[in-house]
Amino acid sequence: MALQRLLLKKAFGEAKPKSLCCFFSTAPPSLPAFDYEPKPYNGPRADELFQKRKQFLGPSLFHFYQKPLNIVEGKMQYLYDENGRRYLDAFAGIVTVSAGHCHPDVLNAIFEQSKLLQHATTIYLHHAIADFAEALASKFPGNLKVVHFVNSGSEANELAMLMARLYTGNLEMISLRNGYHGGSSNTMSLTALNTWKYPIPQGEIHHAVNPDPYHGVFGSDAKSYAKDVQDHIDYGTAGKVAGFISETIQGVGGAVELAPGYLKLVYDIVRKAGGVCIADEVQTGFGRTGTHYWGFETQGVIPDIVTMAKGIGNGLPLGAVVTTPEIASVLAQKTQFNTYGGNPVCSAGGLAVLRVIDKEKRQVHSADVGSHLLARLRDLQQRYEIIGDVRGRGLMVGVELVTDRNEKTPAKAETAVLFEKLRELGVLVGKGGLHGNVFRIKPPLCLTKDDADFLVDALDYSMSKL
């Protein structure tokens, strides 16, 4: 903490720029022009809200920044605080806002449905859930055609694990170290980051070596990582498993893309052991990777079950599990019901999100802007030793900061200082990785190249002050 305070004082003080600084060392960059005027805010101020939050909400809640922001309005890729100041939202409500904040098409669908019927549950028929399910199923390859709607990614992964165990008759699950799959008791067991786990029984879960090309013991050697999965089955189980679950690009873990070819090898191993393969698309789905609509497609595989949330609803409490008719049928042996799953308002909003992504060609846009962003970040990496790795696809990007490139020592204090400096300049990013030293850049899919340039320029300027 002492080092962090010293760095903060230096970064925010009057120190003159170093001679090695880049083009923006003398003047901070400015946000791109945006034709929108936020509404005047007359509500409670940040200090009052923070005290109320501490008094009435659970102490487990955390907040970004030393002085928490009171965000009161959003429009497309931008957020506004209580003073009307505009920020570039490069974290999208934790990778949730896909179409853009308050996208008019999504809002209109929500408003129109809300005026007719807000809630009835699936004990009655309603066109919204059927239309949404049909549109969502059309986005999947193979026989992935049956949809179950839930309210969150944690619920989706809970349901997927239940399906896997019922369908196979086996209990044991395999997930990856550094993966994140939710905060419920069962999905917490699949998660393999100690900062997100409580000391409760995990129950029949194996965590395989993470196929991380940057930190992993085998580099990008997919075969060696896949062998570890086989070893877990051979030495840690009775020879049979219920399933394997993974993200294609780990989100909370710091935008870690799995070694090329890994999932093909592992899916084959798991299926031979009687298990099913689950793709967690909570963060990577809906065109965010740019090259593909779903993250699993980047690995050339077709899962047996796919889970999703976040971007599916653009901020609505919405998630889904998509699987085959055969696997879905196992739930019919008992009553499986979700009170809010497929809610008419959420279904109308979710369908509007799918249509916006298609109409505005957001997948292609993500590929284009993401390539530009990654190229600029990699150029920055050549000039700043603190940038150990730049990785990701489309608008799912990670920048890992280190104090030593050879040892890959996490630059925790420096990351905290730069995090604050970016906010001061008007850029809101996320942090991830076990040590919190990875900037997670995962904005709404409407981010422009001008926005990307501003983001990199702000990072450049901030690093020049360290």
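The legends below accompany an overall view and several close-ups of one predicted model.

**Before you look: how to read the views.** Residue numbers start from 1 along each chain as its sequence is written, and side-chain values use heavy atoms, with hydrogens and water left out. As this is a predicted model, local features need pLDDT of at least 70 and side-chain atom pairs count only at pLDDT 80 or more, while totals for chains, interfaces and linings use all residues.

View 1. Helices (H or I, at least four residues) and strands (E, at least two) are DSSP runs, numbered from the N terminus. The C-alpha trace spans about 70 × 55 × 45 Å along its principal axes. Of the 466 residues, 56% are buried; buried means under 20% relative accessible area, exposed over 50%, and partly exposed in between (1.4 Å probe, protein chains only). Contact means heavy atoms within 4.5 Å, and among contacts between residues at least 6 apart in sequence, 74% join residues at least 24 apart.

**View 2. An open sheet of 4 strands, in the order S1-S2-S3-S16.** The pairing in this sheet is mixed; two strands pair if DSSP finds at least two bridges between them. Look for strand S1 (71-75) and strand S16 (427-428) at the edges, where each pairs on one side only. Strand S3 (residues 86-89) runs parallel to S16, joined by 2 bridges.

**View 3. Strand S18 (residues 438-441), covered on both faces.** Val-438 and Arg-440 are buried on one side, and Phe-439 and Ile-441 are buried on the other. Strand S14 (residues 396-404) pairs with S18 in the antiparallel sense over 4 bridges, with Gly-398 as the partner of Arg-440. Strand S17 (residues 430-432) is also antiparallel to S18, over 3 bridges, and here Gly-432 stands opposite Val-438. S17 and S18 make a hairpin with 5 residues between them, and Gly-433 in the turn has a positive phi of about 85°.

**View 4. Strand S4 (residues 146-150) and helix H5 (residues 127-137).** Because 4 of its 5 residues are buried, S4 is largely enclosed by the rest of the structure. S4 pairs with strand S12 (residues 319-323) in the antiparallel sense over 5 bridges, and Phe-149 has Ala-320 as its bridge partner in S12. In H5, the buried residues include Ala-128, Phe-132, Ala-133 and Leu-136. An α-helix has 3.6 residues a turn, so residues three or four places apart point the same way. The cover over the buried residues of H5 includes S4, strand S11 (305-308), S12 and helix H11 (344-359).

**View 5. Lys-310, in the loop between S11 and S12.** Lys-310 is partly exposed, with a relative accessible area of 22%. Leaving aside neighbours within four places in sequence, Lys-310 is in contact with Ile-94, Val-95, Thr-96, Val-282, Gln-283, Gly-315 and Leu-318. Phe-337 is 27 residues from Lys-310 in sequence and 21 Å away in space, C-alpha to C-alpha.
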